[in-house]
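Please read the following report alongside the sequence and the structure, and look up each element as it is named.

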Amino acid sequence: MSETVAAGGPPEQEAFLQLRDVAKNLGGNPVLAGVSLDVFEGDLLGLLGPSGSGKTTLLNIIGGFTDLDAGSVRIAGQDLTALPPHRRDIGITFQKYALFPHLTVFDNIGFGLRQRKVAAPELRQRVGEMLAVLGLTGLAGRYPRSLSGGEQQRVALARALAVRPRLMLLDEPLANLDAALRQRVRFEIREILRSTGVTSIFVTHDQDEAFALCDRVAVLRGGRIQQIGTPAELIYQPANAFVARFIGSPNVFEASVQHYDAQTQSIRFVRDRFTGAACVRAPLTPGTRVEVFVRPDEVVIARADDVQPAKFRVKDWVHLVSGREAWIEGPITLRARLPSEATHLERGAAVIPSWRPERAHAFAIEPAPPAAATT
Amino acid sequence: MQVAPAIRSSRLSRRATSLLLLAPTTLLYLTVYLGGLVMVLVMSIDVPPGVDSGGATLAHYRDVFGSAPIGAIVLRTLRDSLATVAGCLLLGVPVARYITASASRWKGIVLMAVLSPLMVSAIGRIFGWIALFGPGSVIADGLTALFGGKPTGLLYTEAAIIIGLTNLLLPFMVLSVASSRAHFEEDMSKAALSLGATPLSVLLQVELPLIFPGILSGALIVFSLSTTNFVTAALLGGSGRDLVGYEIYLDILVYFQQGRGAALAMLLLVVVVALMALAIQTGVQRHEVRDTAARTRGT
Amino acid sequence: MMRVLVVLAVVFATLPGVIVVLASLTAGQSLAFPPQGLSLRWYEVIFADPDFRDALLTSLTLATITSLLAVSLSALAAISIVRYRSRATALIEAMLLSPLAVPHIVIGIGILQLYGYFGLRADLLTLTLGHLIITIPFALRMLITSLAGMDRQIEHAAASLGATPRAILFQVILPQMKMGLLGAAISVFILSFDDVALTVFLVQPGYTTVPIMLFGMAENQVLPSIHAASVILLLASWLGVILIDRLIGFDRFLFRDGPSG
């Protein structure tokens, strides 16, 4: 059942958090179907997946709130399976923060230290440090309800970090912030986690967030890890069609294999007399139906001439902050990103798209997998 | 500031419409309800027939406060009402936690079983207790077998009253605590656990402070409803074990001591309205009040 | 421990209802539980009693009329209170809701004295007026909650499409309140059908309701027909609870639109 996915960390080092074949069924549905995952000390790992992919269940299993059906969870070599949540020493921030509404900011942050019977002077000093690090000093006496979303977020982070946990789990920490704040808080969180050096797992459904915050990202779907890698690996070497689609390739079309080149591990495909090249992960026989993914910034547009008859026309284009994006229509519809000074492509112009074969990815179309279980 | 005539007339017509919609109900309440309450007040200070002194008297109130039997009744009422509150807390708090926390498929059944009595005939259920407690019932036979004595069972004892009142008022406690538990999120208990709090300290340090206003307002509601109840006391307690409510009923309809009954009713009214006002006040979460204060001060 | 108490609470809450149903099916003469043999004879006895039939008819008529009137009056009042909020409506709202905190026994004594003063006898009108006083607060509270939770922009949209205030009331507001109105009507019916605390002060010999008849019978009559009569009251309220559960959902009824402490 399990597929151990190669982790990108240094191989000689023993992983700090090790998940092995973790499986969980809820109401007869497999929510996690054998997840194995290594997280190294000081790592900031993103756990990325659409809703229902099992990421919240995985978080609950690591936190100790959900029992696992099979597999194991180890931190620094210690098996956590039988350890109750309050003895795991794992800091968690919750999507809706779950601040204690009856306690002040100070007492929220000091809650974990009180449980550890930290003496009053030290407690005051450590809470004071957390307040200072997170810029909350003036708010110590306030109650959570009177704080803004960003402030609540920082209190939640301070509360979890105050006990100096050996692992941090952050469940969609940006989901309840408005767009402008999200950008800023994203980097604040990254800075704070970096400076404390705590090993962290950051759960999100938004790949921009995952890429901006994390060194490595694990993509989860239907209770299975699809791929683990750096953002660049996920973008340029997607392991399967799901990852290619999820990581944000708006250009997707079906085609059939014309020719497979074993040396370059690429294919030529054809779609309504339009042919192109794409790299593949496994040999494909001619005639195989494939889905081809190519990102708009990889598409190059040339004006058609007499030698190469036009198959595409520019339908429309829009200005973006980063340049221009053209919609071209032909046997397929494609989006292509152009430099903003490229003014020669007026609407209706006859064009020919192309891209470097290694920048396009083709995957054989398989029968649809069973519907992903929802959590 | 000038207001355009058209706007002013539309305001007037809105106001007229709103009062027109309220008029029939308001009229009914002013006459039958408030008129009735004034009548009770008048009764309580009315001069007893045959006594020739001024227009009003406090004699009935003196009568209430000076009467030893009434004192005993008040004490018994306090005792039984407090016992009822205790019973409702013991059963109601776990039920409120269960129906607000559990994802179990029994949740709907528990909610229905415990809260539907709110709407299910109170007097109909009292006869269930009579059948169970009365002479010749399993409980009566069991008690006789255990302790000997006459096979009268639990019927016409204070225990029967307390059981009947707890059964009647349990839903109020559950509703009150369950409503206040809406302020508690399951993630808070996860957060506390992840910070090293034991399950017991989660209960005491996080959950209890949050549901305490609900517990307090539930207790006040149950207490005041049990002091005013007379049907349960009449049917399960019988004469000699009457509570304040039943005593008022007897004064008015059986003993024809209208003045004393009305005076007692007025006193009960004042106490209960005060307790109910307190219950509404405490139902509001404390920290919310403090919060608003903090925000207005701009701290 | 908590689980044990929850189970205990469920048993405790449902026990008397179950007992009275079983006891009413006895073939013997004793009120006591457990029943001696099973029969429906006490239902025959109670239905053969003309006084009971009269009381049942009175109870049903009273509860139906009270329910219709209380819900209509409360709907008008709720719309006025929520949509035209002012100091006057706030004051009236407080008065209309106050019977929730005032002991019904005190209200009962007051109305008894008032009716006596004006020489009014027990009849459908006088009982209905009394029942309206204690049921309107429940209906009003439910309807205010359901109205306050309504999106006003829908009404603004209707107005922008040319709907008059009257059309908005009948075609936009009231249809949205349908479930709230239905829930209120059922609860008022049950409250009125079961009431003892107030009604006991308003009835007279020859004009009484089923609960009051039971209250009186408890002292003199010791035949299981009293259980059969109780079961009829219980069945009516169980039917109401089931209706509410099917139509609105009982938990939703209690915690969003209903009497929540």
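## Strand β1 of chain A and its partners

In this predicted model, strand β1 (residues 17-26) of chain A runs antiparallel to strand β2 (residues 29-39) of chain A, and eight bridges join the two. Together β1(A) and β2(A) make a hairpin that has two residues between the strands, and A:Gly27, which lies in the turn, has a positive phi of about 55°.

β1(A) also pairs with strand β4 (residues 70-75) of chain A, again in the antiparallel sense, over five bridges.

## A five-stranded sheet in chain A

Chain A also contains an open sheet of five strands with antiparallel pairing, in the order β15-β19-β16-β17-β18. Its edge strands are β15 (300-303) and β18 (333-338) of chain A, each of which pairs on one side only. On average, and with direction ignored, neighbouring strands of this sheet are turned by 40° against each other.

At one end of that order, strand β17 (residues 323-329) of chain A pairs with β18(A) in the antiparallel sense over six bridges, and A:Arg324 has A:Leu338 in β18(A) as its bridge partner.

## The two domains of chain C

For chain C, the domain assignment gives domain 1 (1-39) and domain 2 (50-257), and the centres of these domains, taken over C-alpha atoms, are separated by 29 Å. Eight residues of domain 1 of chain C are in contact with eight residues of domain 2 of chain C, and the side belonging to domain 1 has four nonpolar, four polar and no charged residues.

Key: Residues are numbered from 1 along each chain as its sequence is written. Chains are lettered from A and ligands numbered from 1 in the order in which they are written. This is a predicted model: local features need pLDDT of at least 70, side-chain atom pairs count only at pLDDT 80 or more; totals for chains, interfaces and linings use all residues. Two strands pair if DSSP finds at least two bridges between them. Helices (H or I, at least four residues) and strands (E, at least two) are DSSP runs, numbered from the N terminus. Domain bounds come from an automatic or database domain assignment. Two residues are in contact if their C-beta atoms, placed from the backbone, lie within 7 Å. Ala, Val, Leu, Ile, Met, Phe, Trp, Tyr, Cys and Pro count as nonpolar, Asp, Glu, Lys and Arg as charged, and the others, Gly among them, as polar. Axes are lines fitted to C-alpha atoms, for helices over the stretch in contact, and angles run from 0 to 180 degrees between N-to-C directions.
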